[in-house]
Amino acid sequence: MLKNLKQSVKRNLVNIPGWRTDRKIVVIESDDWGSIRMPSKEVYEKCLKAGYGVDHIIYERVDSLASEDDLELLFNLLSSIKDHKGNSPVITANVLMANPDFEKIKEAHFQKYFYELITETFKKYPNHHNCFELWKEGKRNRLFYPQSHGREHLNVSLFMNALQQGDEDVHFGFKNGLPGCISKNNGMKGNKYVESLRFNNEIDKKYKLDIVLEGLDLFENLMGYHSESFIPPNYIWSPDFDEKVSKRGVRYYQGCRKMKEPRFDGSFRFNTHILGKENTFGQKYLVRNAIFEPAMNNSRSDTVEKCLKDINSSFRFNKPAIICSHRLNYVGHINEQNRDKNLKLLERLLTEIVKKWPDVEFMNSVQLGKMME
């Protein structure tokens, strides 16, 4: 009872301030596309056998590179649903352009970092060779709209320091193609190496900004257009990066109401953002106000209902519904049941949205940002 009340208050609070519209708009934002995370079921089993509690953390248990089958099944589902204007739901897919080049790093005796483009990573996986073309096809068909999520989902300096210092967990992960690794002794804390933009000194801070800027350049080179929005991995971001990023054409930030700004002592400052609010460099904030993460919900039973309540609250306050739904929900490379169950729930959610709000409009994040101009 108390838990439900708290959820209701929280749901409404996020919708009080900020930009408003009479139109019923639904945006689905999905992070992590292109990142390796858990390379395969075989590596997952190796981790378990070696004593790593990867079965206790959902990201280590099911998240991996989306395969051709994963993408085709998702696109087929999205294309089967239409709003009253004839538009299908579109996933704003926040993509990483690179992953560690494990071979080159090893050849350099862990003294220098190298990355490989996502197009090269796809070639190394069994059912992924055509994935990059499928990304483009998804964009052409207005089902999948890639935006930048960074260069790689890896804290490069933290990762390299751990390798150079002989960290056993990170070397185990490296040997098996994992970008970082959970700790064998304290695995419940998760893989801290995925916090790619965390820094603890001025030099590292500049290094992380350079990585963000290079990631934006790689995105433009590979995708053929520049990313107009950006979502910082793990919601970690320094406002000091805004000016340089704005000059690369980023006009909108995706994210949540509270974003984490690293401090050099290891702590975070929390910066609050409001939907449609503009910063000094003319960039606007999109604030996620709905959640659809069935993979993170053990029972999965009320995931659809909770998301519908989030959307209802958004519309009641004349706000667009911006749904947070990470890639791990739609990936079956390690566990097909994860993908198949969640796709059924997504189908139910989208069908209910169209039925409950016949005048709903599906948009991507950049379309919404432009509406707020």
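## About the model

The model is predicted: local features need pLDDT of at least 70, side-chain atom pairs count only at pLDDT 80 or more, and totals for chains, interfaces and linings use all residues. Residues are numbered from 1 along each chain as its sequence is written, and side-chain values use heavy atoms, with hydrogens and water left out.

Helices (H or I, at least four residues) and strands (E, at least two) are DSSP runs, numbered from the N terminus.

## Helices α4 and α7

Helix α4 spans residues 68-79, and helix α7 spans residues 131-140. Their axes come within 9 Å and cross at roughly 15°. Axes are lines fitted to C-alpha atoms, for helices over the stretch in contact, and angles run from 0 to 180 degrees between N-to-C directions. The crossing angle therefore makes α4 roughly parallel to α7. Angles under 35 degrees count as roughly parallel, over 145 as roughly antiparallel, 65 to 115 as roughly perpendicular and the rest as oblique.

Which residues of α4 and α7 make the contact? From α4 come E68, L71, E72 and F75. From α7 come C131, L134, W135 and G138. Contact means heavy atoms within 4.5 Å. The contact residues divide into 5 nonpolar, 1 polar and 2 charged. Here Ala, Val, Leu, Ile, Met, Phe, Trp, Tyr, Cys and Pro count as nonpolar, Asp, Glu, Lys and Arg as charged, and the others, Gly among them, as polar.

## Helices α8 and α9

Helix α8 (residues 156-164) packs on α9 at an angle of about 105°, with the axes 8 Å apart. That angle makes α8 roughly perpendicular to α9.

On α8, the contact uses F159, A162 and L163. On α9, it uses V170, H171 and F174. These residues divide into 5 nonpolar, 1 polar and no charged.

Strand β8 (residues 258-262) pairs with strand β9 (residues 268-272) in the antiparallel sense, over 5 bridges. Two strands pair if DSSP finds at least two bridges between them. K260 has F270 of β9 as its bridge partner. M259 has N271 of β9.

The hairpin has 5 residues between the strands. There, G266 takes a positive phi near 95°.

## An aromatic pair

The structure holds 18 aromatic pairs. One of them joins F199 and F241, which are tilted: 6.2 Å centre to centre, with 50° between the planes. Rings of Phe, Tyr and Trp (its six-membered ring) pair if their centres lie within 6.5 Å; planes under 30 degrees apart count as stacked, over 60 as edge-to-face and the rest as tilted.

This pair links distant parts of the chain, 42 residues apart. F199 sits in the loop between α9 (168-175) and α10 (202-223). F241 sits in the loop between β6 (229-230) and α11 (242-247).
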